[in-house]
Amino acid sequence: MILVATDGAAPTTAFLRQRWKAIREATPTAPALDRAIADRWTRPVRFDDVPVLTDDYAPTDALLTD
């Protein structure tokens with residue numbers, strides 16, 4: 001699952017289909033996203049049992065010198 005977060009409302013599936021059609025017409029070699037748009041998950045996702053992953057620390061940070 002890929003989570004995409006924005007400050008605004010999620011675009012409708014109809015908007016995504018229309019936008020993707022315009023992109024494919026302009027760039028026919030662009031990968032097909034028809035299936036991804038059709039399979040888009042719009043129901044609530046349970047996340048209370050999922051750990052929060054951040055990029056606050058990487059072990060390689062210890063190798064950096066000032």
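Trainee: Does methionine 1 count as buried or exposed?
Mentor: A quick word on the ground rules: this is a predicted model, where local features need pLDDT of at least 70 and side-chain atom pairs count only at pLDDT 80 or more, while totals for chains, interfaces and linings use all residues. Residues are numbered from 1 along each chain as its sequence is written, and side-chain values use heavy atoms, leaving out hydrogens and water. Buried means under 20% relative accessible area, exposed over 50%, and partly exposed in between, with a 1.4 Å probe and protein chains only. Methionine 1 has 80% relative accessibility, so the label is exposed.

Trainee: Why does leucine 53 count as exposed?
Mentor: Leucine 53 is found in the segment after H2; helices here are DSSP runs (H or I, at least four residues), as are strands (E, at least two), numbered from the N terminus. Leucine 53 counts as exposed because its relative accessibility is 76%.

Trainee: How many salt bridges does the structure hold?
Mentor: The criterion is a side-chain nitrogen of Lys or Arg within 4 Å of a carboxyl oxygen of Asp or Glu. One of them pairs aspartate 39 with arginine 35, at 2.8 Å from N to O. In total the structure holds three.

Trainee: Which residues do salt bridges that share partners join into one network?
Mentor: Arginine 46 bridges to aspartate 48, with the closest N and O atoms 2.8 Å apart, and also to aspartate 49, at 3.6 Å. Both arginine 46 and aspartate 49 are exposed. The shared partners make one network of Arg46, Asp48 and Asp49.

Trainee: How far apart are the C-alpha atoms of lysine 21 and aspartate 48?
Mentor: Lysine 21 sits in helix H1 and is exposed, with a relative accessible area of 55%. Along the chain, lysine 21 and aspartate 48 are 27 residues apart, and their C-alpha separation is 37 Å.

Trainee: What is the volume of the largest pocket?
Mentor: On a 1 Å grid over the protein atoms alone, a pocket is an open set of points with protein on both sides within 12 Å along at least five of seven lines; lining residues have an atom within 4 Å of a point. Points are joined across faces, edges and corners, and the volume is the space filled by probe spheres set on them. For the largest pocket, that comes to about 930 Å³.

Trainee: Which of the lining residues are closest to its centre?
Mentor: The lining of the largest pocket has 27 residues, and H1 gives the most, with four. Closest to the centre are Ile2, Leu3, Val4, Arg40 and Trp41.

How values were computed. On a 1 Å grid over the protein atoms alone, a cavity is a set of points where a 1.4 Å probe fits but cannot get out, and a pocket is an open set with protein on both sides within 12 Å along at least five of seven lines; lining residues have an atom within 4 Å of a point.
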